[in-house]
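Subject: Structure handover

Hello,

Here is the structure you are taking over. My notes on its side-chain contacts follow below it.

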Amino acid sequence: MQDQQRPSFLLPSHVREERDTMTATQAAPAIIRRYFELAGQPDSEDYFRLFAEDAVVEDESTEYRGIEAIRRWRRAVPLVSYEITDIEETPAGTIVTATITGDFPGSPFAGLRYRFSDYDESAIRALRIAP
């Protein structure tokens, strides 16, 4: 029996965790899946097109309002990789919890939350990044 068909309790823990993460990522709205596909790569117009022109991103208690400010923010932060550990739908939006790894003090950092509070299938309008 292939791993995809086996009940979870019959799988080794590392396979179970990988499948759970993959399933959680697949359950996220398409624009959020696309955000994490592109966020771990060097900046591209595809990444910036995810945001509305008047989008707001808050990271490390600093707010970046508008696409030009978001571009400046991205240029200033190190490139990181993401391991999504949880996705939660709440009345206030979608919260994605991830471990990020990169060239920064304290790497890897577990439990970072990405709060997508205002978005639809075409654009992210509000994103707050904080533990």
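Arginine 34 and glutamate 37 both lie in helix H2 (residues 30-39), 3 residues apart, which is about one turn of the helix; helices (H or I, at least four residues) and strands (E, at least two) are DSSP runs, numbered from the N terminus. The two form a salt bridge, with 3.2 Å between the closest N and O atoms. A salt bridge here is a side-chain nitrogen of Lys or Arg within 4 Å of a carboxyl oxygen of Asp or Glu. Arginine 34 is partly exposed because its relative accessibility is 34%, and glutamate 37 is partly exposed at 43% (buried is under 20% relative accessible area, exposed over 50%, partly exposed in between, with a 1.4 Å probe and protein chains only). A network of salt bridges links Arg34, Glu37, Asp46 and Arg49.

Please note that this is a predicted model: local features need pLDDT of at least 70, side-chain atom pairs count only at pLDDT 80 or more, and totals for chains, interfaces and linings use all residues. Residues are numbered from 1 along each chain as its sequence is written, and side-chain values use heavy atoms, leaving out hydrogens and water.

The structure holds 10 salt bridges. Another of them joins arginine 128 to glutamate 58, at 3.4 Å from N to O. That pair links distant parts of the chain, with arginine 128 in strand S6 (residues 124-130) and glutamate 58 in strand S1 (residues 51-59), 70 residues apart. Arginine 128 is partly exposed at 37% relative accessibility, and glutamate 58 is partly exposed at 24%.

In helix H4 (residues 67-76), glutamate 68 and arginine 71 are 3 residues apart and form a salt bridge, the closest N and O atoms being 3.4 Å apart. Glutamate 68 is partly exposed at 46%, whereas arginine 71 is buried at 18%. The charged end of arginine 71 also sits over the ring of phenylalanine 48, 4.5 Å from its centre (NZ of Lys or CZ of Arg within 6 Å of the ring centre and within 35 degrees of the ring normal). Arginine 74 has its charged end over the ring of tyrosine 47, 4.2 Å from the ring centre.

On the aromatic side, there are 13 aromatic pairs (rings of Phe, Tyr and Trp, its six-membered ring, with centres within 6.5 Å; planes under 30 degrees apart are stacked, over 60 edge-to-face, the rest tilted). Tyrosine 35 and phenylalanine 36 make an edge-to-face pair, 5.0 Å centre to centre with 85° between the planes. Both residues are buried.

Regards
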